[in-house]
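This report covers charged side chains and their contacts. Please have the sequence and the 3D view open.

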Amino acid sequence: ARSIFTAVRDASSECDAALVNLGQIHAAQREPQAALGLYQKAERRAASAPAASLLALQARAHFDAGALGDAKRVLARALHQRPYDLSVRFNLATVLYRAAKPPRDGALRSIPDLDAAAAGVRLAVSYLDSIREAGEQAREAAAASGLSVNRVSALRSRCVGLQGAVGEERREAWDKAQAQEVAQKIADERCAKPGALWYPSSAFPLPHQHPPLRLEIAHPTPTRRRGINRERVVFL
């Protein structure tokens, strides 16, 4: 199929359908960047606004490539174009859910990042609730395209669970930041005191930590060497 659509594309440079079909083949073969290039080329050739289905394909390619911000941007365009399309809302909720999940490498997130994740997953829940509350005709059309009630409910349950996890992660990050702030304040106050040392106290023991010194006073002992009187020097 790939060779067929490639031949059609080469034979007719104006065949946008061949570009889209070839892009879908690249997407199925896990080549999202190649698919995205073909989708965008088809969009540039379009005389009017691109179809929502083409935007959905672009969003899927961004999603597969890990570019969640670009996927959200494209789906927002599709939602503006077709606000009644429940599948667009579901896809947007899916991207928001994925973006709010913890990084796969286990890296700690900052409080601003966690606040953004919490806002994103709340928005995802609101989109899913709007699907459940949509009119019967819109829900039937969504079901005909493969968007079942169970699928919406399953994603909503995951989003609600993620809300609690993000909230707990934020509380832990806040407690850690507060503890670091208190520790830094104590250290600054110690350094600001008069006579404060800027080196570890263990480097120079306190006087009471030294062993007692025995001071012996030696009386000068005259010695004779070549006619010169010398005194023996005692070093402490």
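The side chain of Arg-109 reaches the backbone oxygen of Lys-101 at 3.3 Å. A polar atom of that Arg-109 side chain also lies 2.9 Å from the backbone oxygen of Ala-100. A polar contact here is a pair of N or O atoms within 3.5 Å; within protein, one atom must be able to donate a hydrogen and the other to accept it, and residues adjacent in sequence count only if both atoms are side-chain atoms.

This is a predicted model: local features need pLDDT of at least 70, side-chain atom pairs count only at pLDDT 80 or more, and totals for chains, interfaces and linings use all residues. Residues are numbered from 1 along each chain as its sequence is written, and side-chain values use heavy atoms, with hydrogens and water left out.

**The loop and the patch**

Arg-109 sits in the loop between H6 and H7. Lys-101 is in the loop between helix H6 (86-100) and helix H7 (111-132). Helices are DSSP runs (H or I, at least four residues), numbered from the N terminus. Arg-109 is buried, at 13% relative accessible area. Lys-101 is partly exposed, at 36%. Buried means under 20% relative accessible area, exposed over 50%, and partly exposed in between (1.4 Å probe, protein chains only).

Lys-101 also belongs to a surface patch of positive charge, together with Arg-98, Arg-104 and Arg-158. Such patches take residues with over 30% relative accessible area and no salt bridge, and join like charges within 9 Å.

**Salt bridges**

Side chains of opposite charge can pair when their charged atoms come close. How many salt bridges does a search of the whole structure find? The count is eight. A salt bridge is a side-chain nitrogen of Lys or Arg within 4 Å of a carboxyl oxygen of Asp or Glu. The table lists some of them.

| Pair | N to O distance |
|---|---|
| Arg-60 and Asp-64 | 3.3 Å |
| Arg-82 and Asp-85 | 3.8 Å |
| Arg-156 and Asp-129 | 2.5 Å |

Arg-156 is partly exposed, at 23% relative accessible area.

Arg-60 and Asp-64 both lie in helix H4 (residues 52-64). They are four residues apart, so about one helical turn separates them. Asp-64 is partly exposed, at 38% relative accessibility.

In the remaining pair of the table, Asp-85 is buried at 16% relative accessibility, whereas Arg-82 is partly exposed at 30%.

Technical notes
Patches are made of residues with over 30% relative accessible area and no salt bridge: like charges are joined within 9 Å, nonpolar side chains (Val, Leu, Ile, Met, Phe, Trp, Tyr) within 5 Å. Accessible areas come from the Shrake-Rupley method with a 1.4 Å probe; for residues, only the protein chains shown count as cover. Lys and Arg count as positive and Asp and Glu as negative; His and the chain ends are not counted. The place of a charge is taken as NZ of Lys, CZ of Arg, CG of Asp or CD of Glu. Helices (H or I, at least four residues) and strands (E, at least two) are DSSP runs, numbered from the N terminus.
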